[in-house]
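The following paragraphs lead through the structure shown here, beginning with a loop residue and then turning to the sheets and the helices.

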Amino acid sequence: MPELVFFSGTMDCGKSTLALQIEHNRSARGLQGMIFTRDDRAGEGKLSSRLGLVTDAIEAADDFDVYAHLVDHLSRGGRADYVIADEAQFLAPDQIDQLARIVDDLGLDVFAFGITTDFRSKLFPGSQRLVELADRVEVLQVEALCWCGARATHNARTIGGEMVVEGAQVVVGDVNQSPDEVGYEVLCRRHHQRRTTAATARAGALSPDVLPVDTASVRA
C-alpha cells in the first residue's frame, strides 16, 4: 500500500542526505520521482545535502498546488512513481493535505523530510499537519549531537553565537555560519532551555573565578 512517510529530525541529522539516497536507489531501479522543496540552503529549486550532494527540485511556494501540478504532469503523459518533499516544515498545512491526497487518490508513495519544531521549540504548521496525517513518522537514527555530547533534540537560532528566542518563524540559515550572520545550532533540551550555546559555554568556562575568598583566614 502507498504511504505518506514523514522523516523527522533536528538540523544536521541527515534528512536531505536520506532524501537524495532514496531518489538514487529508486531511480537506479528505473523509477521516476518528482521532487519538491522549499527554501533549500542551495537556492530556489534545489535539494541539497551538507555532504555536498545536490539535485534539481520543484520549488513549492506558498500558493503552489502540489497535487494539481502532479496531476497536470501525469495528464500530459509524464511519469511519476513516487514523490519526495524536502524541507516539508516550510510547506503550508494545505500543501501537506495535497501530499496525502497524492497517496490516497493517485496511489503514489510520498516521502516527506523536515524539522519538527522551530528555534522556539514550537511545531512548524507543516510538520504538525504531517504528524496528524502521516501513515508513519520516522525519527532519523543518525543523531546530531549537542556541544556537550548529548543527543541534540532542539534547534537554536543564534546571532553572534548567542541564542535568540524572538523573530520570524522562518529565517533561512544553516549551522556553522559566520558570527555576524543568523545561524543555527542543535542543542539538547537542557541547554536549549538554558540558552547555552557552544560559544556561550566556552565564554563561561574562560571566565575568571569569582568565588569570594577570605584572605585573612588563609594560613601559611
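Leaving aside residues up to four places away in sequence, Gly-161 touches Thr-197, Ala-199 and Thr-200, where contact means heavy atoms within 4.5 Å. The model is a predicted one, in which local features need pLDDT of at least 70 and side-chain atom pairs count only at pLDDT 80 or more, while totals for chains, interfaces and linings use all residues. Residues are numbered from 1 along each chain as its sequence is written, and side-chain values use heavy atoms, with hydrogens and water left out.

Gly-161 lies in the loop between strand 9 and strand 10; helices (H or I, at least four residues) and strands (E, at least two) are DSSP runs numbered from the N terminus. Because its relative accessibility is 22%, Gly-161 counts as partly exposed; buried means under 20% relative accessible area, exposed over 50% and partly exposed in between, with a 1.4 Å probe and protein chains only. Its C-alpha atom is separated by 9.3 Å from that of Glu-181, 20 residues apart along the chain.

Thr-197, one of the residues that Gly-161 touches, is found in the loop between helix 5 (189-194) and helix 6 (198-206). Thr-197 has a relative accessible area of 0% and is therefore buried. Not counting residues up to four places away in sequence, its contacts are Trp-147, Thr-158, Gly-161, Glu-162, Met-163, Glu-185 and Leu-187.

Strand 9 (residues 154-159) is joined to the antiparallel strand 10 by three bridges, and Ile-159 stands opposite Glu-162 in strand 10.

A second open sheet is formed by six strands in the order 5-2-6-7-1-8, with parallel pairing. Strand 5 (58-59) and strand 8 (136-139) each have a single partner strand, so one side of each is left without a neighbour in the sheet. Strand 6 (residues 82-85) and strand 7 run parallel and are joined by four bridges; the bridge partner of Ile-84 in strand 7 is Phe-111. Helix 2 packs on this sheet, touching strand 2 (33-37), strand 5 and strand 6, and its direction makes about 150° with that of strand 2. Helix 4 also packs on the sheet, touching strand 1, strand 7 and strand 8, with a direction at about 130° to that of strand 1.

In helix 4 (residues 125-133), Gly-126, Ser-127 and Leu-130 are buried. They lie on the same side of helix 4 because they cover an arc of only 95° around the axis, the arc being that of the directions from the helix axis to the C-beta atoms. These buried residues pack against strand 1 (4-8), helix 3 (93-106) and strand 7 (109-114).

Helix 3 also meets helix 2 (residues 66-75): their axes come within 7 Å and cross at roughly 40°. Helix 2 is therefore oblique to helix 3; angles under 35 degrees count as roughly parallel, over 145 as roughly antiparallel, 65 to 115 as roughly perpendicular and the rest as oblique. Axes are lines fitted to C-alpha atoms, for helices over the stretch in contact, and angles run from 0 to 180 degrees between N-to-C directions.

Definitions and conventions. Pairing = 2+ DSSP bridges.
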